[in-house]
Amino acid sequence: MHMLALGLMSGTSLDGIDAALVETNGETVRATGAALTIAYDDDLRNGLRSVLGGTGPVAEVEQRLTQAHAQAVQRLLGQAGIDAERVGVIGFHGHTILHRPEQRRTWQIGDRALLARLTGIRVVGDFRSDDVAAGGQGAPLVPIYHAALAQGLAAPLAVLNLGGVGNVTWIGEDGVLLAFDTGPGNALIDDWALTHSGRPLDEGGALAGAGRVDEAAVDHFARHDYFAAIPPKSLDRDDFQALAASLVAGKGAADGAATLTAFTARAVAEAARHFPAPVSRWLVCGGGRHNPVLMRMLAAQLAAPVAPVETVGWDGDALEAQAFAFLAVRSLRGLPLTFPGTTGVPQPLTGGRVTVF
Ligand SMILES: Nc1ncnc2c1ncn2[C@@H]1O[C@H](COP(=O)(O)OP(=O)(O)OP(=O)(O)O)[C@@H](O)[C@H]1O
Ligand SMILES: CC(=O)N[C@H]1[C@@H]2OC[C@@H](O2)[C@@H](O)[C@@H]1O[C@H](C)C(=O)O
């Protein structure tokens, strides 16, 4: 049975909370509804930064983060004119502060019971733990949603998400999936922009567009073991931070931004080498598709056409939040969230924990 579900995602780029409504039975999507993003205020963003890695005032930041999510729910429902009683479930990803699947650890903060109490809606969260406990990568989780949306499109195709980290879903004929994190998405570019321009992102790729790419640095970057490793594989937000920082140290603002942007594009090109068969096109979602310099670099490096997901009628800003609505419904129904081809888990596996208010 289809139900109205509300998905919430606080992504690795630390830009804010995405919230979206979806009508789904966890297998097909009948309709997507309203969506919004609430940017973090500096206090909460700094609070989140201070607990990355799993240390610092985690409990206090978790409470503030959960309250901000409750406000996102109220605002979305207010804007859409929908009563909370009509929403069957909230899919609450929380915020990843630690991701070490090789140690069978992944940690998303977010207080399900508090969110359920504040909204009066049952909440599914903790989507990654069961997968990691079973030996999976715990990420990416969105591929099964990509596959649901892509029903009817010509395969093979690739759906690329450029958030803080990049991840890709290769969808073959008969819906076969291979998915993994590609490398850095926007996080390195954002951090560089903040340090060198005082702004939390390279708006429109303005900095990168004015700079020159250091191709030798890009080649060096591409020799990192991660790119040759056979997928599935996943990353923490800052896994490439030290390497990237050393490769752009001493560069001017524009050249550094150009080179970091080229790292992201090259990581995607390296990812394509692992595909079982070439794709007919790349559909791009996530904030990175708003960066025209990054999109141009991708188009120059990839063999198939590259376009934002809007070309096929999807909403590239709301897609991850929609996915957690979809995954929450799958969780309630006991349907698997992860698969050998998406996280490397030995068998298709259910996941998520439900809390009723
Ligand atoms: N107009 C723009 N110009 C350049 N970059 C942009 C623009 N808009 C968004 N971005 C980039 O997209 C990022 C946000 O992307 P998104 O919301 O997809 O990330 P996320 O969901 O937090 O991450 P993840 O998918 O890793 O969880 C911003 O931090 C910024 O780097
Ligand atoms: C551990 C974690 O939170 N990973 C995020 C991150 O951001 C992008 C990429 O790295 C992806 O693996 C994942 O998020 C999306 C929503 C996913 O699981 O599909």
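**Entry 1: the shell around ligand 2**

I began with the shell around ligand 2, to which strand E5 (95-100) and strand E9 (165-171) each supply at least two residues; strands (E, at least two residues) and helices (H or I, at least four) are DSSP runs, numbered from the N terminus. The model is a predicted one, in which local features need pLDDT of at least 70 and side-chain atom pairs count only at pLDDT 80 or more, while totals for chains, interfaces and linings use all residues. Residues are numbered from 1 along each chain as its sequence is written, and chains are lettered from A and ligands numbered from 1 in the order in which they are written.

I found 16 residues around ligand 2, with Thr96, Ala139, Pro140, Val142 and Val165 as the closest; a residue is near a molecule or strand if its C-beta atom, placed from the backbone, lies within 6 Å of it. By class, I noted five nonpolar, nine polar and two charged residues in this shell, where Ala, Val, Leu, Ile, Met, Phe, Trp, Tyr, Cys and Pro count as nonpolar, Asp, Glu, Lys and Arg as charged, and the others, Gly among them, as polar. Because domain 1 (3-137 + 316-355) and domain 2 (143-312) both give residues to the shell, ligand 2 lies between them.

**Entry 2: the two domains**

I then looked up how the chain is divided, which is into domain 1 (3-137 + 316-355) and domain 2 (143-312), with bounds that come from an automatic or database domain assignment. The contact takes 25 residues from domain 1 and 29 residues from domain 2; two residues are in contact if their C-beta atoms, placed from the backbone, lie within 7 Å. On the side of domain 1 that touches domain 2, helix H13 (319-333) and helix H14 (340-343) each supply at least two residues, and H13 gives the most, with six residues. I recorded the classes on this side of domain 1 as ten nonpolar, twelve polar and three charged.

**Entry 3: the shell around ligand 1**

Next I turned to ligand 1, which has 24 residues around it, and of these Gly11, Ser13, Gly163, Asn186 and Gly287 come nearest. The shell holds four nonpolar, 15 polar and five charged residues, and domain 1 and domain 2 each provide at least three residues of it.

**Entry 4: one helix contact**

Last, I checked where H8 meets H10, and found Ala217, His220 and Phe221 on the H8 side and Leu243, Ala244, Leu247 and Val248 on the H10 side.
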